[in-house]
Amino acid sequence: MQLTALAWSFTAAVLVHNAEEAAFLPRWSRSAARWYRPVSDSEFRFAVGVLSAFFLALTFAATLAVAPGWLVKHLFAGYVVAMLANALVPHLAATVALRRYMPGTATAWLLVVPLGAVFLHSAVQQGQVELLVLAWVAPTVALVLLAAIPLLLLAGRRAGEAEWPP
């Protein structure tokens with residue numbers, strides 16, 4: 001499969017994963033408070049919506065980049081690595097530790113992990129992504145995403161509290 005098609009397939013898998021989380025994770029979080037801070041539907045859906053829009057823009061930019069090794073391709077690959085890590089922690093870890101399903105685990109392991117692994121393998125094999133660059137870009141992307149999530153949840157909470165229209 002062509003790398004562009006793999007990138008968009010992976011993106012579709014992430015969007016399906018995000019939709020599963022948006023539909024079911026807020027309710028789940030209210031009963032898993034020891035492992036996960038409870039979130040409201042609106043704040044979580046706001047955060048997931050912003051992250052999904054950002055990822056769509058990143059996919060678009062990465063698939064338009066022509067030259068191998070462009071930073072945007074490595075940022076996309078870093079996002080792939082972050083989503084693979086997300087499948088492990090919190091999804092699989094919480095499902096095992098709580099002995100109950102954490103929303104997003106199935107889509108992570110049935111769609112995101114296989115497509116992400118195939119994308120990364122293909123991108124490296126085709127010389128579009130360099131492992132040495134990915135070794136520092138991937139942790140950076142993961143840390144930025146981890147830092148962004150509480151900020152996006154706060155923004156979603158504030159947006160939900162705001163009186164509309166003013």
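Reader: Is Arg-37 buried, exposed or partly exposed?

Author: Arg-37 is partly exposed, at a relative accessible area of 43%. Buried means under 20% relative accessible area and exposed means over 50%, with partly exposed in between (1.4 Å probe, protein chains only). Keep in mind that this is a predicted model, where local features need pLDDT of at least 70 and side-chain atom pairs count only at pLDDT 80 or more, while totals for chains, interfaces and linings use all residues. Residues are numbered from 1 along each chain as its sequence is written, and side-chain values use heavy atoms, leaving out hydrogens and water.

Reader: Which residue forms a salt bridge with Arg-37?

Author: The general idea first: side chains of opposite charge can pair when their charged atoms come close. The cut-off here is a side-chain nitrogen of Lys or Arg within 4 Å of a carboxyl oxygen of Asp or Glu. Arg-37 pairs with Glu-43, and their closest N and O atoms are 3.0 Å apart. Glu-43 itself counts as buried, since its relative accessibility is 4%.

Reader: How many salt bridges does the structure hold, and what else does Glu-43 meet in one?

Author: There are four salt bridges. Glu-43 also meets Arg-157, at 2.4 Å from N to O. That pair links distant parts of the chain, with Glu-43 in helix H2 and Arg-157 in helix H5, 114 residues apart. Helices are DSSP runs (H or I, at least four residues), numbered from the N terminus. Arg-157 is partly exposed, with a relative accessible area of 28%.

Reader: Which residues do shared partners join into one network?

Author: Arg-30, Asp-41 and Arg-45 make up that salt-bridge network. Within it, Asp-41 and Arg-45 have their closest N and O atoms 3.9 Å apart. These two are four residues apart in helix H2, so about one helical turn separates them. Asp-41 is partly exposed at 32%, and Arg-45 is partly exposed at 39%.

Reader: Now the rings. How many aromatic pairs does a search of the whole structure find?

Author: A pair of aromatic rings is described by the distance of the centres and the angle of the planes. Rings of Phe, Tyr and Trp (its six-membered ring) pair if their centres lie within 6.5 Å; planes under 30 degrees apart are stacked, over 60 edge-to-face, the rest tilted. The search turns up seven pairs. One of them is Phe-54 with Tyr-79, tilted, at 6.4 Å centre to centre and 40 degrees between the planes. Phe-54 is partly exposed at 44%, whereas Tyr-79 is buried at 4%.

Reader: What kind of aromatic pair do Phe-76 and Phe-119 form?

Author: An edge-to-face one, with 5.0 Å between centres and 70 degrees between planes. Phe-76 lies in helix H3 and Phe-119 in helix H4 (residues 105-125), so the pair ties together parts 43 residues apart in sequence. Both residues are buried. They also belong to one aromatic cluster with Phe-10, Phe-54, Phe-55 and Tyr-79.

Reader: How many residues has the largest nonpolar core?

Author: In soluble globular proteins, nonpolar side chains tend to be buried together. A core is a set of buried Ala, Val, Leu, Ile, Met, Phe, Trp, Tyr and Cys residues joined through side-chain atoms within 4.5 Å. The largest one has 40 residues, and those with the most contacts inside it are Phe-10, Phe-55, Phe-76, Tyr-79 and Phe-119. Helices H1 (3-30), H2, H3, H4 and H5 (131-161) each give two or more residues to this core, and H1 gives the most, with nine.

Reader: Which residues does Phe-10 touch?

Author: Leaving out residues up to four places away in sequence, Phe-10 touches Phe-55, Phe-76, Val-80, Met-83, Val-112, Leu-115 and Gly-116. A contact means heavy atoms within 4.5 Å.

Reader: And which residues form a nonpolar patch on the surface?

Author: Leu-88, Val-89, Leu-92, Val-96 and Trp-109 do, with about 450 Å² of accessible area together. Patch residues have over 30% relative accessible area and no salt bridge; nonpolar side chains (Val, Leu, Ile, Met, Phe, Trp, Tyr) are joined within 5 Å, and like charges within 9 Å. The areas come from the Shrake-Rupley method with a 1.4 Å probe. H3 supplies the largest share of the patch, four residues. Trp-109 is in helix H4 and is partly exposed at 33%.
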